[in-house]
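Please examine the sequence and the structure before reading on.

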Amino acid sequence: MSFININPEQLVELKSIYNNVLLIDCRTVEEINQFSLDYDIHLDLTNSNILNKINNLDKDSKYIIYCHSGVRSQFLCNYLSQNGFKNLYNLDGGIISFIDYLNKNQLK
């Protein structure tokens with residue numbers, strides 16, 4: 001495994017530490033319309049043009065990748081790492097874990 005699984009707290013920390021880390025949402029447009037983070041790149045795994053989009057990405061940039069539950073983003077992290085990307089982070093639990101994180105922090 002050539003990527004790091006992170007939790008929502010670590011996502012927030014990485015975004016605050018590195019102003020050059022890019023957030024990739026790999027869900028469908030329909031899922032994004034329900035709820036999304038302020039992502040930088042959309043890589044819908046069901047889009048037939050995804051390989052062209054991946055080929056245009058900088059392999060040395062830092063990427064945090066998320067989906068709905070963490071399965072598709074883990075798949076994408078594996079694919080990217082096998083194709084030379086070095087700085088990959090997977091949001092473990094996906095957007096579900098991030099929404100849960102937001103709800104818990106609102107209760108404090």
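**Exercise 1.** Determine how the side chains of Arg-72 and Glu-31 meet, and where each residue lies.

*Solution.* Step one: the side chains of Arg-72 and Glu-31 form a salt bridge, at 2.7 Å from N to O. A salt bridge is here a side-chain nitrogen of Lys or Arg within 4 Å of a carboxyl oxygen of Asp or Glu. Step two: Arg-72 belongs to helix α4 (residues 71-82) and Glu-31 to helix α2 (residues 29-34), so the pair ties together parts that are 41 residues apart in sequence. Helices (H or I, at least four residues) and strands (E, at least two) are DSSP runs, numbered from the N terminus. Step three: Arg-72 is partly exposed, with a relative accessible area of 26%, whereas Glu-31, at 16%, counts as buried. Buried means under 20% relative accessible area, exposed over 50%, and partly exposed in between (1.4 Å probe, protein chains only).

The model is predicted: local features need pLDDT of at least 70, side-chain atom pairs count only at pLDDT 80 or more, and totals for chains, interfaces and linings use all residues. Residues are numbered from 1 along each chain as its sequence is written, and side-chain values use heavy atoms, with hydrogens and water left out.

**Exercise 2.** Describe the salt bridge between Lys-86 and Asp-60.

*Solution.* Step one: the N to O distance between these side chains is 3.9 Å. Step two: Lys-86 is in the loop between α4 and β5 (87-91), and Asp-60 is in the loop between α3 (50-55) and β4; the two are 26 residues apart, and the pair links distant parts of the chain. Step three: both Lys-86 and Asp-60 are exposed.

**Exercise 3.** State what separates Asp-100 and Lys-104 along helix α5.

*Solution.* Step one: Asp-100 and Lys-104 form a salt bridge, with the closest N and O atoms 3.3 Å apart. Step two: because they are four residues apart in helix α5, about one helical turn separates them. Step three: Asp-100 is partly exposed, at 38% relative accessibility.

**Exercise 4.** Identify the residues, beyond neighbours within four places in sequence, with which Lys-62 is in contact.

*Solution.* Step one: Lys-62 is located in strand β4 (residues 62-66). Step two: with those neighbours left aside, Lys-62 is in contact (heavy atoms within 4.5 Å) with Tyr-18, Asn-20, Val-21, Leu-22 and Asn-87. Step three: Leu-22 is 40 residues from Lys-62 in sequence, yet their C-alpha atoms are 6.2 Å apart in space.
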